[in-house]
Amino acid sequence: MRLYLSLMTVFLLGVALLGAWPALFSVMIFDAPGSAAKPELWMLFLSVFSLPAVCVFAVVMAWKFYKEGNWPLARGAILLPTINLLGLAVAVLISHYW
């Protein structure tokens, strides 16, 4: 379990660092007139903008749960950023097929 958390920590902190660049420019999603009224763009924005913070939060909470001996919650916490990826996929699919 400790090896799994260590590898996921390195991976998620790398994702947080690499995801900070797109997060900075995610506000440009709303540049086009009328784009602020599209819900799929809001979902895309929230998924991209919150990814670095969610990754760091997931790592901190996973290690906290691991230290407390609650390993199932630690495994679940480290997978928290998958919600952002699912939101991103849904937003792309909705904007493509809607």
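Which residues in α3 are buried? Keep that in mind as you click around; what you have open is a predicted model.

**Stop 1: α3.** Select residues 71-78 to bring up α3. The buried ones here are A74, A77 and I78. Look down the helix axis: these residues sit on the same side of α3, because they span an arc of only 95 degrees around that axis. Now show the other helices too, and you'll see that the buried residues of α3 pack against α1 and α2.

**Stop 2: I78.** Next, pick I78 and display what surrounds it. Leaving out residues up to four places away in sequence, I78 touches Y4, L5, M8, L12, A58, V59 and A62.

**Stop 3: the core.** Time to zoom out a bit. I78 also belongs to the largest nonpolar core, a group of 15 residues, and along with L5 and L12 it has the most contacts inside that core. Colour α1 (2-25), α2 and α3 separately: each of them supplies at least two residues of this core. The top contributor is α2, with eight residues. As a bit of background, nonpolar side chains tend to be buried together in soluble globular proteins.

Technical notes:
Residues numbered from 1 in each chain as written. Predicted model: local features only at pLDDT ≥ 70, side-chain atom pairs only at ≥ 80, totals over all residues. Heavy atoms only, no water. Core = buried A, V, L, I, M, F, W, Y, C linked by side-chain atoms within 4.5 Å. Buried < 20%, exposed > 50% of the residue type's maximum accessible area, 1.4 Å probe, protein only. Helix = DSSP H or I, 4+ residues; strand = E, 2+ residues; numbered from the N terminus. Contact = heavy atoms within 4.5 Å. Arc of directions from axis to C-beta.
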